[in-house]
Amino acid sequence: QVELKEFEVEEFKGNLAEVSQDFSSIFMDYVETTAKNMELTERLQTAWFAIGTKSELKEEGITVKKGLFESHRLNEEFDRTHFTKVNIAEFKEVDVNAKKATLITVHPKGSYKWIKGEKNVEKLIVLKPKEFWNISNYLLIEVEY
């Protein structure tokens with residue numbers, strides 16, 4: 001009986017080692033998946049914004065004039081280093097402090113509002129972040145001082 005019990009204990013030890021190895025493998029998959037999810041979440045919640053005058057934006061290659069009568073548009077090959085990285089969930093407003101401000105990037109009306117002072121545009125407020133960033137993860141504001 002002692003030999004039988006010793007055999008059973010050894011068999012349980014072998015089974016436990018297999019289960020432990022399976023658990024380790026599953027845990028590593030979980031860690032890898034969690035890391036990927038965190039990276040994807042960060043990507044989804046990341047946006048960029050920049051503010052500048054028409055000449056500054058053109059000079060830095062951020063905007064280009066398209067067509068004879070069209071206004072400046074975001075350059076398809078712009079340098080992202082001119083933009084400030086923000087978290088969409090935390091980004092609620094940006095100070096503008098300019099005589100005039102215009103959005104170059106497209107964002108749905110009603111998802112933002114301009115706060116105007118007596119003589120200037122003070123800031124842009126994002127009212128509905130999901131809607132605001134739905135079309136583009138870039139916010140480009142052209143200002144006149």
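**Close-up views of a predicted model**

**View 1. Val96, a buried residue in a strand.** At 6% relative accessibility, Val96 counts as buried (buried means under 20% relative accessible area, exposed over 50%, partly exposed in between, with a 1.4 Å probe and protein chains only). Val96 belongs to strand β5; helices (H or I, at least four residues) and strands (E, at least two) are DSSP runs, numbered from the N terminus. Beyond its neighbours within four places in sequence, Val96 is in contact with Ala101, Trp114, Val121, Glu122, Lys123, Leu124, Ile141, Val143 and Tyr145, where contact means heavy atoms within 4.5 Å. One of these partners, Val121, is 25 residues from Val96 in sequence, with 6.4 Å from C-alpha to C-alpha.

A word on how to read these views: this is a predicted model, in which local features need pLDDT of at least 70 and side-chain atom pairs count only at pLDDT 80 or more, while totals for chains, interfaces and linings use all residues. Residues are numbered from 1 along each chain as its sequence is written, and side-chain values use heavy atoms, with hydrogens and water left out.

**View 2. The whole protein, for orientation.** The protein has 3 helices and 9 strands, which run α-β-α-β-β-β-β-β-β-β-α-β from the N terminus on. Of its 145 residues, 28% are buried. Among contacts with a separation of 6 or more, 64% join residues 24 or more positions apart.

**View 3. An open sheet of 4 strands.** The strand order is β4-β1-β9-β6, with mixed pairing; two strands pair if DSSP finds at least two bridges between them. β4 (84-87) and β6 each have a single partner strand and stand at the edges, so one side of each is left without a neighbour in the sheet. On average, neighbouring strands here are turned by 30° against each other, direction ignored (axes are lines fitted to C-alpha atoms, for helices over the stretch in contact, and angles run from 0 to 180 degrees between N-to-C directions). Strands β1 (residues 46-52) and β9 (residues 138-144) run parallel and are joined by 5 bridges. Look for Gly52, which stands opposite Glu142 in β9.

**View 4. Two nonpolar cores.** A nonpolar core is a set of buried Ala, Val, Leu, Ile, Met, Phe, Trp, Tyr and Cys residues joined through side-chain atoms within 4.5 Å. The largest one has 19 residues, of which Phe91, Leu124, Leu139 and Ile141 touch the most other members. At least two residues of this core come from each of β1, β5 (93-98), β6, β8 (121-126) and β9. A second, separate core of 8 residues includes Ile62, Ile104, Tyr138 and Leu140.

**View 5. Ser111, a buried loop residue.** Ser111 sits in the loop between β6 (100-103) and β7 (112-116), and its relative accessible area of 0% makes it buried. A polar atom of the Ser111 side chain lies 2.5 Å from the backbone oxygen of Pro108. Leaving out neighbours within four places in sequence, Ser111 is in contact with Ile125, Val126, Leu127, Lys128, Glu131 and Phe132.

View 6. Thr53 is found in the loop between β1 and α2 (54-59). With 16% relative accessibility, Thr53 counts as buried. Its contacts, apart from neighbours within four places in sequence, are with Glu142, Val143 and Tyr145.

Note on methods. A polar contact is a pair of N or O atoms within 3.5 Å; within protein, one must be able to donate a hydrogen and the other to accept it, and residues adjacent in sequence count only if both atoms are side-chain atoms.
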